[in-house]
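Here is a short briefing on a protein model, written for someone meeting structures like this for the first time. Have a look at the picture and the sequence, and then read on.

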Amino acid sequence: MDYSKFFSAALNRLHDERRYRVFADLERIAGRFPHAVWHSPKGQRNVVIWCSNDYLGMGQHPKVVGAMVETATRVGTGAGGTRNIAGTHHPLVQLEAELADLHDKEASLLFTSGYVSNQTGIATIAKLIPNCLILSDALNHNSMIEGVRQAGCDRQIFRHSDMAHLEELLIAAGPDRPKLIACESLYSMDGDIAPLASICDLAEKYGAMTYVDEVHAVGMYGPRGGGIAERDGVMHRIDVLEGTLAKAFGCLGGYIAGKADIIDAVRSYAPGFIFTTALPPAICSAATAAIRHLKTSAWERERHQDRAARVKAILNAAGLPVMSSETHIVPLFVGDPENCKKASDILLEEHGIYIQPINYPTVAKGTERLRITPSPYHDDGLIDHLAEALLQVWERLGLPLKRKSLAAE
């Protein structure tokens, strides 16, 4: 039997649907972010990255790089295996303590990625609750969806951030049934924020447990970078907070934080933790340095919000179809997968601007977009160049513009 034909057919389907993904070969330069080198088919070219999730540029911060180099030099590279076999190295212990403090929780638990922390965290928690009903927001990330599926218990989907619908489902479940509400605090494709206080109100009223994914908000919001829950003053009302070290903290890894018994139970039962090699010491030290810095430094957050606001203002004034967003995410509507890919390719090849196209299944068909994420290091000149390049691309592809604002006329 020719097994290769199955894989060729699967790839052909992606090409036919204009959903085949190509990854640019990029080399970031520490100290020069968002500038990078693109190893293109025609050779090396300098480009500007406009879609990184290293939102604050902490991946190049001297404290973070220094902590990683010092630890790797002192103790070596790998963790030596799973924590059950090799024990827990000290930089990891320090990092978990730092994360628990960040979220004002009793304990935290590290995973190899934010995806794994959601996938195995949700599934393990729900499995340990007899007859648990999971109530999941319709726009939750794939990692949360997989966690819900792997839990193997009943689940219901409530309309995105629709508190009336969530309350209907809670009432229908009855007061005696255990319930877990799972949502994100900041949804990264549209840039909108969940009504966490209202979700907590409903959870307390109807006896539900809460699980909140803060991956796009930790480090970014709140006086110490604790996320939307800290900013909105509801952190103490949320049972489990999940986050990542790979975005605002510029490193790698995921985690959950909550009461000690919850965290210990997940540590003791979660396959995605038990059978996976621990994060290396150097990564843990670097993440700890990033968290400690952002707990006391507000400059990165303030400058980041200023840059995001300026990008939105400039692109809106130019008449480009910026989708409404109350956060640092700047989605630019295209609405077609082929044009979305073409726009991305032209920006990279002709303007030295890297913005990855966002197509189905990451977003719904017909809502394809370019997702722009400014950083504190995108200066006015780079923003103006971005707007000019986008206008040229929109004209070339015949994409519709909005009416320019009066301020720009």
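Predicted model: local features only at pLDDT ≥ 70, side-chain atom pairs only at ≥ 80, totals over all residues.

Residues are numbered from 1 along each chain as its sequence is written, and side-chain values use heavy atoms, leaving out hydrogens and water.

**Salt bridges**

- The structure holds 24 salt bridges, each being a side-chain nitrogen of Lys or Arg within 4 Å of a carboxyl oxygen of Asp or Glu.
- Arginine 74 takes part in one of them with glutamate 70, and their closest N and O atoms are 2.8 Å apart.
- These two residues sit 4 residues apart in helix 2 (residues 62–75), so about one helical turn separates them; helices (H or I, at least four residues) and strands (E, at least two) are DSSP runs, numbered from the N terminus.
- Glutamate 70 counts as partly exposed, at 39% relative accessibility.
- Arginine 159 and aspartate 162 also meet through their side chains in a salt bridge, at 3.1 Å from N to O.
- Both partners count as partly exposed: arginine 159 has 46% relative accessibility and aspartate 162 has 22%.
- In another salt bridge, glutamate 350 pairs with arginine 396, with the closest N and O atoms 2.7 Å apart.
- Glutamate 350 belongs to helix 14 (residues 337–351) and arginine 396 to helix 15 (residues 380–397), so this pair ties together parts that are 46 residues apart in sequence.
- Glutamate 350 is partly exposed at 45%, whereas arginine 396 is exposed at 52%.
- A network of salt bridges links Glu98, Asp101, Arg224, Arg292 and Lys295.

**Aromatic rings**

- The count of aromatic pairs comes to 3, where rings of Phe, Tyr and Trp (its six-membered ring) pair if their centres lie within 6.5 Å, and planes under 30 degrees apart count as stacked, over 60 as edge-to-face and the rest as tilted.
- Tyrosine 3 and phenylalanine 6 make a tilted pair, with 6.3 Å from centre to centre and 55° between the planes.
- Tyrosine 3 is exposed at 53% relative accessible area, and phenylalanine 6 is partly exposed at 45%.
- Phenylalanine 111 and phenylalanine 273 form an edge-to-face pair, because their planes are at 75°, with the ring centres 6.2 Å apart.
- Phenylalanine 111 is in strand 4 (residues 107–111) and phenylalanine 273 in helix 11 (residues 271–274), so the pair ties together parts that are 162 residues apart in sequence.
- Lysine 365 lies over the face of tyrosine 360, at 4.8 Å from the ring centre; a charge sits over a ring if NZ of Lys or CZ of Arg is within 6 Å of the ring centre and within 35 degrees of the ring normal.

**The whole protein**

- The protein has 15 helices and 16 strands.
- Its C-alpha atoms fill a box of roughly 60 × 60 × 55 Å, taken along the principal axes.
- Of its 409 residues, 54% count as buried.

Definitions and conventions
Buried < 20%, exposed > 50% of the residue type's maximum accessible area, 1.4 Å probe, protein only.
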